[in-house]
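Subject: Structure handover

Hello,

Here is the structure I promised you. Please open it first, then read my notes below with the model on screen.

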Amino acid sequence: MNTNLSINGKTYTINAQEDMPLLWAIRDIVGLTGTKFGCGVSQCGACSVLLDGKLTKSCSVPVSYALDKQVFTIEGSSKNLEILRQTWSEINVPQCGYCQSGQLIAATALLDTVANPTDQDIDKAMSNNICRCGTFTRIRKAIHEAVALKNKTDE
């Protein structure tokens with residue numbers, strides 16, 4: 001089936017079965033490999049993307065679900081994602097780095113909906129993204145730093 005997917009503001013015409021996981025369409029057909037395959041059962045969050053701004057595990061969502069929606073991946077750009085990338089780097093959050101694209105997308109979804117998240121907000125928002133290296137403390141710190149930086153630049 002030929003269909004169009006809108007990813008990061010660009011339309012891609014792909015040939016895929018409607019039930020193909022969105023992750024495979026993004027990675028294998030479109031070639032955006034920043035979104036990672038982790039567990040394949042929507043538990044680890046490595047495959048996180050935003051669908052019309054909603055945090056979604058792309059390994060468990062068929063391509064047909066993404067039709068007529070805006071897909072946002074780690075290769076995309078938004079103010080919150082750019083600030084998070086900066087603080088992630090400054091705080092040196094990643095260790096192995098495998099989960100970090102999903103972590104950054106989850107953090108972007110949080111900051112897109114909560115301007116000044118508390119530790120509880122962060123822990124809840126990030127709880128569906130697993131980091132085997134245990135960088136959760138640095139992730140929380142990077143999110144707080146991103147909020148501070150965003151608030152400073154918005155003044």
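Leu50 has Leu55 of strand 4 as its bridge partner. Strand 3 and strand 4 are joined by 4 bridges and run antiparallel. Helices (H or I, at least four residues) and strands (E, at least two) are DSSP runs, numbered from the N terminus.

A word on the source. This is a predicted model, in which local features need pLDDT of at least 70, side-chain atom pairs count only at pLDDT 80 or more, and totals for chains, interfaces and linings use all residues. Residues are numbered from 1 along each chain as its sequence is written, and side-chain values use heavy atoms, with hydrogens and water left out.

Two strands pair if DSSP finds at least two bridges between them.

**Helix 4**

Helix 4 has 14 residues. From first C-alpha to last it reaches 20 Å, close to the 20 Å expected at 1.5 Å a residue. The expected span is 1.5 Å times one less than the number of residues. Is helix 4 mostly covered or mostly uncovered? Mostly covered: 12 of its 14 residues are buried. Buried means under 20% relative accessible area, exposed over 50%, and partly exposed in between (1.4 Å probe, protein chains only). The cover includes strand 3, strand 4, strand 5, helix 3, helix 5 and helix 6.

Take Gln103, which is found in helix 4. Gln103 is buried, with a relative accessible area of 1%. Its contacts (heavy atoms within 4.5 Å) include Trp88, Met126 and Ile139, not counting residues up to four places away in sequence.

**The cores**

A nonpolar core is a set of buried Ala, Val, Leu, Ile, Met, Phe, Trp, Tyr and Cys residues joined through side-chain atoms within 4.5 Å. The largest has 23 residues. Leu84, Trp88, Met126 and Ile143 have the most contacts inside it. Helix 3, helix 4, helix 5 and helix 6 each supply at least two residues of this core. Helix 4 gives the most, with 7 residues. Apart from it lies another core, of 16 residues, among them Leu51 and Val63.

**Helix 6**

Helix 6 (residues 136–154) has 19 residues. Its buried residues are Ile139, Ala142, Ile143, Ala146, Val147 and Lys150. Why are they on the same side of helix 6? Because they cover an arc of only 140° around the axis. That arc is taken from the directions from the helix axis to the C-beta atoms. The face turned away from the buried side carries the exposed residues Thr137 and Lys152. What covers the buried residues includes helix 3 (79–91), helix 4 (100–113) and helix 5 (119–126).

Lys36 lies in the loop between helix 1 (22–30) and strand 3 (48–51). Lys36 is partly exposed, with a relative accessible area of 24%.

Best wishes
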